[in-house]
Amino acid sequence: MTEPKHKNLTKLTKVDSRLSVASSRDSNTIDPLFSPKSPTVTSDVFMLPNENQSVNNQESGNKFFNCLCSLRVSTLIILILTFTLMLMIFVVIISSIFATSFSELEKKDVSNTSKRIMKSLKDALDSIYKVLYPYSAWDDTFYATENVVNRGYKEDWDVLNEFMDVNFAEDVMSSIDINFATLYSLNGTILSYRTSLNAELDLTLFNNFPYFHLIKDTTSAFEKLGGILFDKLSNQMMLYVITPVTLANPVETSDKIGWLFFGKYVSEKFMNDIADSVQCCVSFHILKDLNDEIVNKFKDTSEIINGTVPDINSMIWKNNEVFGYDILTKTELSKRHCGVLDKNLNGSIITEQRYATYQYVTDTLGNNLFISRVDIPRSVYFVGLQSLLLAIFLLFGVCLFSTFVVIIFIERRVLSRIIKLTNRIQQITVMNDSKQRIEKDNSFDELGNVVININRMLDALDNLLEQSKEQQVIKKLFERIAQVEETTKNILNGIKDVVLTVDLNGNILFANTSFYDQFGFKNSEIEGVHNVSVCDIFPELLNTINNLSNSKLDEIYNKNPTVEKKKELIGQILISLADNNFHLLRASARKKNEHIEFECLFTKSKVVISNVDTKVYVVVARKISNRFSQNSSSTNIQSSHSEESEEMENMLNEFDKMLLDIKEREKFKEYCKQERSEENILFIEQVLEYKQLKQPHERMIKQEYIVNNFLLNNSLNISSDLMNREVVRIQKGLGQIDLFDQLLVFVQTVVCKDTFMRYKQQQHDLMYL
């Protein structure tokens with residue numbers, strides 16, 4: 001077994017002291033080698049260079065470690081780390097906020113730009129309508145068409161063709177910026193058409209105009225239809241507007257004679273114009289162009305996402321929302337138009353990072369026709385990034401300055417004063433003088449209060465040192481009192497005679513074990529309760545009260561006094577019985593259902609109860625015979641009780657053996673834990689540990705632990721009334737070794753009757769499985 005550390009330290013101290021004495025003794029003796037006549041030789045001569053270097057390294061390492069552990073350095077490190085961590089957290093938070101905020105801002109900005117592109121397409125359709133309407137609502141157009149539709153003579157066709165040649169000549173169509181002008185009858189038949197110089201006509205497209213059915217059944221003479229369609233011949237998209245051919249002032253639906261169609265290609269010039277109007281770069285990617293990179297990129301979404309539906313009759317287009325965002329990083333892009341922003345390169349080359357959005361656009365029937373890509377420069381994002389970097393730089397400067405200010409303040413107001421306080425405490429410790437005190441400064445802050453509190457602590461230590469001897473004496477006195485009380489109680493409990501302590505009113509204050517065994521009472525019913533009178537034990541005392549003269553009874557009470565009133569006269573009877581003679585009294589053992597005769601000796605005495613001297617009577621009763629026998633039925637009941645008692649006794653013996661076997665006890669504890677009744681066995685273990693303690697003050701500490709953890713929270717499986725009585729009785733105890741015996745027996749009985757019995761049955765069943 002290893003010795004305790006303090007013993008080892010003591011041995012080392014003794015060895016060091018012996019070595020120091022020997023060294024001092026050797027220093028006083030002069031070695032001939034180092035005599036004045038001999039050459040002077042230093043101790044370094046005998047130290048190897050490696051050893052000297054290792055010692056120096058160790059000392060420097062200790063100094064460096066002490067420097068790191070100093071309050072100044074640790075405070076500086078903590079402040080730097082704290083401000084660095086705060087700066088990093090700020091950067092992370094602000095960066096995340098910046099990334100989210102500016103990303104949403106960019107998305108919103110480019111989305112609005114894409115919507116402005118749609119607004120430009122709507123404006124283009126409106127401009128075509130403004131050019132078309134004067135021709136469709138013109139009497140010349142109406143009558144020329146009416147003659148062809150109603151009569152169809154050759155001269156009528158010549159008039160119509162002449163009308164078309166004059167009004168839709170190539171120079172005229174170029175001036176009004178359209179590429180197609182087609183005249184339809186009401187049933188959709190082409191009557192005449194004209195194209196511009198740079199346009200070719202796809203007759204299949206116009207002979208079977210796919211959107212004609214949307215307006216041919218209308219009853220309004222002012223109906224118009226406009227949108228975007230795809231021309232397969234030229235492989236281009238076309239803006240178109242179609243309106244009914246009517247008189248200048250139509251009155252009825254019958255005034256509508258045909259349809260006039262104007263179409264305009266989405267050309268390079270047109271794309272640059274709308275890019276100029278919105279101040280962005282735009283490109284249209286036709287879904288039928290399978291070689292287009294953008295089309296292939298979003299080919300899986302073309303059938304899922306509903307595109308924007310151009311409608312000349314509405315200011316708000318249906319599904320006018322973007323479906324994708326992207327950051328353009330390529331240096332070359334096709335089909336991109338930026339207008340005057342980049343005339344030389346025509347938008348094909350990117351010189352800066354840009355943010356783009358994508359939006360599907362449908363034809364009039366709602367089928368996705370092309371993807372509109374709009375991109376804008378990321379100027380807002382980079383301005384925000386510059387602002388963020390500036391804020392981080394400023395914050396770093398503020399943190400650096402704050403760190404410097406805080407370090408200076410802590411050094412002057414805290415660290416220097418703490419070091420001074422520590423040095424003074426070390427001086428007092430070295431001097432080993434508790435009378436010394438720390439000098440007070442003129443500050444009234446927390447450190448000033450620390451100095452005051454330390455001085456108060458030193459004052460309290462002086463008082464404790466003076467009181468320590470008294471406390472040691474009081475401790476020994478309490479131990480002796482507890483030992484004497486325990487010895488006295490053991491002696492009284494070892495006597496077979498009944499010993500009672502009775503107050504002047506006849507209430508029983510104390511009873512020994514023999515009384516409880518013979519009369520069947522419990523300790524909780526006697527001690528601390530004072531509800532049991534000596535008349536309840538010896539009923540003949542009431543008869544003695546009846547022997548008093550009637551005049552005396554009449555004087556105190558009226559005639560025929562009650563039993564309760566007679567008990568109040570027991571004090572007078574006890575005075576007469578305290579004559580140092582034995583008195584023959586018959587006792588009633590209520591719990592055992594028998595009557596016993598005792599020889600009783602009453603003695604007057606004095607005890608201290610609640611720090612007050614109290615006069616009492618000590619009753620010593622010796623059993624002499626049993627005068628009354630029980631009937632046959634009572635005998636049977638007693639025999640059955642004895643059998644149950646014997647069975648219970650055997651169960652208790654087995655329980656005691658189980659407690660002595662550590663393995664078996666752990667198995668039983670595990671079983672109790674499964675049964676959710678672990679508190680009882682834990683209580684029994686704690687009480688057994690309590691009874692093994694030798695010193696009363698150790699038992700008092702254990703007593704408080706048991707009361708707080710098991711009794712006050714009523715974790716044991718006993719009634720509340722019994723628990724309350726036991727708590728009151730045990731809390732009055734002073735570490736007596738048998739303080740918990742009564743409650744221990746009760747808990748053991750409960751465990752044996754319930755949990756332990758089921759445990760034994762389980763073990764028996766497992767044995768025969």
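Guide: Happy to. Keep in mind that this is a predicted model. Let's start at a pair of facing residues: Ile327 stands opposite Tyr355 in strand 8.

Visitor: What makes strand 7 and strand 8 a pair?

Guide: Pairing takes at least two bridges, and strand 7 and strand 8 have 5, in the antiparallel sense. Those two strands therefore count as paired.

Visitor: And how do you know that strand 8 pairs with strand 9?

Guide: By the bridges again: strand 8 and strand 9 (residues 368-377) share 9 of them, running antiparallel. One example is Thr357, whose bridge partner in strand 9 is Val374. The hairpin of strand 8 and strand 9 has 5 residues between the strands, and Gly366 there takes a positive phi near 95°.

Visitor: Why is strand 8 called mostly covered?

Guide: Buried means under 20% relative accessible area, and 9 of the 9 residues of strand 8 are buried. Both faces are covered. On one side sit Arg354, Ala356, Tyr358, Tyr360 and Thr362, and on the other Tyr355, Thr357, Gln359 and Val361.

Visitor: Why is Arg336 called buried?

Guide: The relative accessible area of Arg336 is 4%, and the cut-off is under 20%, so Arg336 is buried. You'll find Arg336 in the loop between strand 7 (324-328) and strand 8 (354-362).

Visitor: What makes the link between the side chains of Arg336 and Asp375 a polar contact?

Guide: The distance is 2.8 Å between the side chains of Arg336 and Asp375, and the limit for such a pair of N or O atoms is 3.5 Å.

Visitor: Which helix holds Arg699, and why does Arg699 count as buried?

Guide: Arg699 lies in helix 22 (residues 696-711). Its relative accessibility is 4%, so Arg699 passes the under 20% test. Leaving out residues up to four places away in sequence, Arg699 touches Glu486, Tyr690, Leu693, Lys694, Gly735, Gln736 and Ile737.

Visitor: What makes strand 4 and strand 5 partners?

Guide: The requirement is at least two bridges; strand 4 (residues 236-245) and strand 5 (residues 258-265) have 8, so they pair. Within that pairing, Met238 stands opposite Tyr265 in strand 5.

Visitor: Which residues touch the most other members in the largest nonpolar core?

Guide: Of its 50 residues, those are Ile117, Phe168, Met237, Phe262 and Phe284. Helix 3 gives the largest share of this core, 9 residues. Beyond its neighbours within four places in sequence, Phe168 is in contact with residues including Tyr135, Met173, Leu260 and Phe262. A second, separate core of 32 residues includes Met658, Ile681, Ile684 and Tyr690.

Note on methods
Residues numbered from 1 in each chain as written. Predicted model: local features only at pLDDT ≥ 70, side-chain atom pairs only at ≥ 80, totals over all residues. Heavy atoms only, no water. Helix = DSSP H or I, 4+ residues; strand = E, 2+ residues; numbered from the N terminus. Buried < 20%, exposed > 50% of the residue type's maximum accessible area, 1.4 Å probe, protein only. Polar contact = N/O pair within 3.5 Å; in protein donor to acceptor, adjacent residues only side chain to side chain. Core = buried A, V, L, I, M, F, W, Y, C linked by side-chain atoms within 4.5 Å. Contact = heavy atoms within 4.5 Å.
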